[in-house]
Amino acid sequence: MTKDPRPGADQHDVRHMLYPFANPSHLSRHPPLVIERGAGVYVYDGNGKRYLDGQGGLWNVNVGHGREEIKEAIRAQLDRISFYSIFGGTSNRPAIELADVLCRWTAQEGMARVFFSSGGSEANEAAYKLARQYWRQIGQPMRHKIISLKRAYHGVTLGALSANGITPYRAPFEPLLAGFIQVETPHVYRNPFTTDPQALGRLCAQLLEREIEFQGPDSVAAFVAEPVQGAGGVIVPPANFWPLVREVCDRHRVLLIADEVVTGFGRIGSEMGSRLWGVKPDMMVFAKGINSGYIPLGATMANARVCDAFVTTDEALFSSNAFLHGNTYAGHPLACVAAIANLEIIEKEKLHLNAGKVGAYLMERLQSIQDKHRYIGDVRGQGLMIGVELVADKKTRAPLDLSLNVGARISDACREAGVLLRNLADTFIISPPLTFTHANADEMVDAIDDAMSQLD
């Protein structure tokens, strides 16, 4: 039996789990760090060693670990009822209340109704189904194609994966679903076109329009994108990109879906990612920060244009105008009360403003060490959603040979120093709780600086 020598898992065999996006052979030799507890922006292992949580769980623990307000809401709901479904003419009060809260939060974007699920992948899946059925409802069944961006990440269910634009994630499962198409992403640091952000924004919007015209507008259901791309490398678009995309979609009557799984509820310094760019999508997809990961929850919201297509004079519970989709844990009461408490904290403490302020300071600190270290090619981000890309050559922007494990070695050194960072293809993903302070930012950058100095 291969025992895990790390604190907190010494009595268990690590081979009994398959971990997401991880090589089982590697984890057998290098067992994962087992996190035992958390408080605020810190987590602790079984020996009590403290780590600064630089990845916020997984982009999602926005209000921090161990918030009593959320725990108390869950405990109180457990004393009432832990679960009841929203299928077949029944519902539960937390789901109804949360739907009201979410419509208030997204009133500026014009969202009218919410469909609940268990996470971001499912919420994206629901959005694509909703888009396709919408067009059938209004008599245009040929509109079924979904266009997304290269380097996009929308989840791991088959539809969401088909919208993904990250080749290594797609390749093992191809062929994927028909009708999903990717177009060029507005990546300021890595694009073959221009160094002018505004020109890039215009060009990528034009490429989207050309693809819609090539496919035939009457065959395109929706365009989906993250306001800031996450797992693709924290790609912040030029400021003109999203407004231009809205114009393109309007010209061709294509639905615009904003995947706000990461950007929703404050992470990039605005309550909503779309709001930062002044854009009103037709649908918005949420998870992660909706309840800071205390209990899994996803949500797909749509405006009146979409929702009205499902309202008819047929009053039967199950009919052709019903949205023909659902999952057992949709509107889970415990997840919903956690979300209500979570959103109250974000609103009361104005955590989106803190994310903008502390995120700007963290970016400045990271940029201040950029010239000092030979591997830091780019520091980019918005609010507390930041990427640090490592390169082999700063002038040519040549990527590092991933087999050298430079990013992994730096990440390991940071972990030893008590700072947890996520390394994706030698780009550090920084997404701490939105309660981060300037002192926390200093602690993180000092650890990164020291870790990189060991390799210089």
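Modeller: Counting cavities of 30 Å³ or more gives one, and keep in mind that this is a predicted model. The volume of that largest cavity comes to about 40 Å³. Rolling a probe the size of a water molecule over the atoms is what shows where empty space is left. Around the largest cavity you'll find Leu149, Thr185, Pro186, Glu226 and Pro227, along with Gln229, Ile235, Pro237, Phe241 and Trp242. Sorted by class, that lining is seven nonpolar residues, two polar and one charged.

Now for the helices. Helix 4 (residues 93–105) and helix 12 (residues 333–349) have axes that come within 8 Å and cross at roughly 35°, and the crossing is left-handed. On the helix 4 side, the residues in contact include Pro94, Leu98, Val101 and Trp105; among those they meet in helix 12 are Cys336, Ile340, Leu343 and Glu347. The residues of this contact split into 13 nonpolar, three charged and no polar.

There's also an open sheet to look at, with four strands in the order 1-2-3-14 and mixed pairing. Strand 1 (35–39) and strand 14 (419–420) are its edges, each pairing on one side only. Strand 2 (residues 42–45) and strand 3 (residues 50–53) run antiparallel, joined by three bridges; in one of the pairings, tyrosine 42 has leucine 52 of strand 3 as its bridge partner. Helix 15 (residues 438–453) lies across strand 2, strand 3 and strand 14, and runs at about 105° to strand 3.

Technical notes. Residues are numbered from 1 along each chain as its sequence is written. This is a predicted model: local features need pLDDT of at least 70, side-chain atom pairs count only at pLDDT 80 or more; totals for chains, interfaces and linings use all residues. Side-chain values use heavy atoms; hydrogens and water are left out. On a 1 Å grid over the protein atoms alone, a cavity is a set of points where a 1.4 Å probe fits but cannot get out, and a pocket is an open set with protein on both sides within 12 Å along at least five of seven lines; lining residues have an atom within 4 Å of a point. Grid points are joined across faces, edges and corners, and a volume is the space filled by probe spheres set on the points. Ala, Val, Leu, Ile, Met, Phe, Trp, Tyr, Cys and Pro count as nonpolar, Asp, Glu, Lys and Arg as charged, and the others, Gly among them, as polar. Two strands pair if DSSP finds at least two bridges between them. Helices (H or I, at least four residues) and strands (E, at least two) are DSSP runs, numbered from the N terminus. Contact means heavy atoms within 4.5 Å. Axes are lines fitted to C-alpha atoms, for helices over the stretch in contact, and angles run from 0 to 180 degrees between N-to-C directions. A crossing is left-handed if the near helix is turned anticlockwise from the far one by less than a right angle, and right-handed if clockwise.
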